[in-house]
Amino acid sequence: MSQSARFVGTSSEELKRAWFGLPPELLRKSRRRLRFLSLVGFIIVGLMLTLKFNKFRSEANTPDQLWIILFADLGGTLVCAFVLWLTLQKNIRTSRVLNAGLIFEVVLCALLSLEAALAMRAGIPQPMFVTWVIPIIILFPLVVPSPPGRTMITATLAAATMPIALLLVHVLGLERGVPITPELFLRASAAPFIAAAIAVFASRIVYNYNLELAEAKRLGSYVLEAPLGKGGMGEVWRAKHHLLARPAAIKLIRPDLLQSEAESGLDSVRERFEREAKATAKLSCPHTIDIYDYGITEDERLYYVMPLLDGVDLGDLVREHGPLPPARAVHLVRQVCRSLDEAHAANLIHRDIKPDNLYACRYGRDYDFMKVLDFGLVRNPGAGDGREDAASNESTDSSMGAGSPMFMAPEQILGQQVDPRTDVYGLGGVLYWLLTGKYVFDQGYTEEILEQHVHAEPVPPTQRTKRKIPAPLEAIILRCLEKDPSRRPESAAVLSEELSRAAPEWTMDEAAAWWTQHRPRESQI
């Protein structure tokens, strides 16, 4: 088992020594929360400003300190607007934005405390223990987590704004009516400092929870950053190497997909997974997805690390842009044949050839460069029940192990021996999809579709599309979809050779033109 099968990398102590002590994913989440908080503050304080301005303007004799209240509200509105603008600037580092957020908390509390002090001195009912300062002090570290020590400093400064505002009102002679007494001063100071103590306690809980969450998102030398997708086999996450900062995609595989009918146990599952991962990692064809690393997490989830590709899978390619010209379809599938040919020579059968596992991408200066995903990491424990609509049948069916109902070969469905011609059947289904935008069989529930794969003759692709398909290409597709494996092309290499004569050549200039027009920016899995 590789060393990466254990959780290693940046420890919680190293994270605590960092400026904000949180990994990039959680820092970005905190930035989004600060953006929301400043937007809410802008709306609320701005509304208060508008209402008070209209009220004071209608009164004949408005005390001077009430106009100062309006300036305090105006200041609060501008501060909220500035922080909101700051969170939207992509060229400013998140750590700096969050530091500005802590200053924002103190400044906003100072303005609100000044307003509350002026309101009380003007005779406006304003219970000191329920000012806006209290919820801001308590909620801010919960919404925007920061280290407890920093929270203590920020919350203490925010709490001190209330007694300081009272002293400022007294020194400047802005008070009216009841003078400041020790009892009033203590009453005004107690609630904010109690709130600060609560904030520090809550911050410690939230911050430690985020640290634990960050460590839980570490697999070997990689840090999980964001989910990219979820399918029948498990989840795919965007990740980054801890030291190299190399982007990657990590697939977390459900271990039940690797178990056999004999339920041989988790130890054998681990051994088989490791054996197949090593075998796949030895494949050198450039059209086979590279495996950077693999392992088993502490909660018994299997994972492997692969490059983060810039492109689109063939399922989404057709769904988003429609069926492909025959020349392009052949160009893409022939690359898949080269990958499968090497794998078959190493006695690795993919067993789950489908559009979603075939990825067209930019690769260096090449376009329409194919990568075959999910290679050799699944088994076929047999058929299950699983009634589900045809619309969901493209996904790998966990009850059947390896294979997707829309592309499974008859021998695979029947639990018979699989060989390279099983993957050839899947390629026939992929070609059918690329040229027509339809599955070979797509009517009924899962078991009905599987029954059609075993017994029904496919409708020729030319009868399901108005697009022109060369007769030799259609004949090859129908041969790939033969029920009897002996009547299919005997290998991926033979299929590739036949396809080379069945359609015009797809040039690199044509590929580059398509990518420039339809996918000008990087779109990564």
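This is a predicted model: local features need pLDDT of at least 70, side-chain atom pairs count only at pLDDT 80 or more; totals for chains, interfaces and linings use all residues.
Residues are numbered from 1 along each chain as its sequence is written, and side-chain values use heavy atoms, with hydrogens and water left out.

**The chain overall**

- The protein chain holds 16 helices and 9 strands. Both are DSSP runs numbered from the N terminus: helices are H or I with at least four residues, strands are E with at least two.
- Of the 525 residues in the protein chain, 53% are buried. Buried means under 20% relative accessible area, exposed means over 50%, and partly exposed is in between (1.4 Å probe, protein chains only).
- Take the contacts between residues at least 6 apart in sequence: 71% of them join residues at least 24 apart. A contact means heavy atoms within 4.5 Å.
- The accessible surface comes to about 24200 Å², and 58% of this belongs to carbon and sulfur atoms. Such areas come from the Shrake-Rupley method with a 1.4 Å probe; for residues, only the protein chains shown count as cover.

**The largest nonpolar core**

- In soluble globular proteins, nonpolar side chains tend to be buried together.
- A nonpolar core is a set of buried Ala, Val, Leu, Ile, Met, Phe, Trp, Tyr and Cys residues joined through side-chain atoms within 4.5 Å.
- The largest such core has 50 residues, and L314 and L434 touch the most other members.
- At least two residues each come from α9 (314-321), α10 (326-345), β8 (358-363), β9 (366-372), α12 (420-436), α14 (471-480), α15 (492-500) and α16 (508-518).
- The most come from α12, which gives 9 residues.
- A separate core has 27 residues, including I136, A158, A191 and A196.

**L314 and L434**

- L314 sits in helix α9. L314 counts as buried because its relative accessibility is 1%.
- L314 and L434 are 120 residues apart along the chain, yet their C-alpha atoms are separated by 7.6 Å.
- Beyond its neighbours within four places in sequence, L314 is in contact with L332, P355, L358, A360, M370, V430, W433 and L434.

**How the helices pack**

- Axes are lines fitted to C-alpha atoms, for helices over the stretch in contact, and angles run from 0 to 180 degrees between N-to-C directions.
- A crossing is left-handed if the near helix is turned anticlockwise from the far one by less than a right angle, and right-handed if clockwise.
- The axes of α10 and α12 come within 10 Å and cross at roughly 165°. The crossing is right-handed. P326, A329, V333, V336, C337, L340 and H344 of α10 make the contact with P420, D423, L427, V430, L431, L434 and L435 of α12.
- The axes of α12 and α14 come within 8 Å and cross at roughly 140°. Therefore α12 is oblique to α14. This crossing is left-handed.
- α10 and α15 pack with their axes 8 Å apart, at an angle of about 160°. These two helices are therefore roughly antiparallel, and they cross in a left-handed way. Residues V330, V333, R334, C337, L340, D341 and H344 of α10 meet A492, A493, L495, S496, L499 and S500 of α15.

**A199 in α7**

- A199 lies in helix α7 (residues 182-216). A199 counts as buried, at 0% relative accessibility.
- Leaving aside neighbours within four places in sequence, A199 is in contact with I137, I138, P141, T151 and A155.

**The loop between α10 and β8**

- N347 is found in this loop. Its phi is near 60°, a positive value in a residue other than glycine. N347 counts as exposed, at 69% relative accessibility.
- R351 lies in the loop between α10 and β8. R351 is not a glycine, but has a positive phi of about 75°. R351 counts as buried, at 14% relative accessibility.

Terms used:
Angles under 35 degrees count as roughly parallel, over 145 as roughly antiparallel, 65 to 115 as roughly perpendicular and the rest as oblique.
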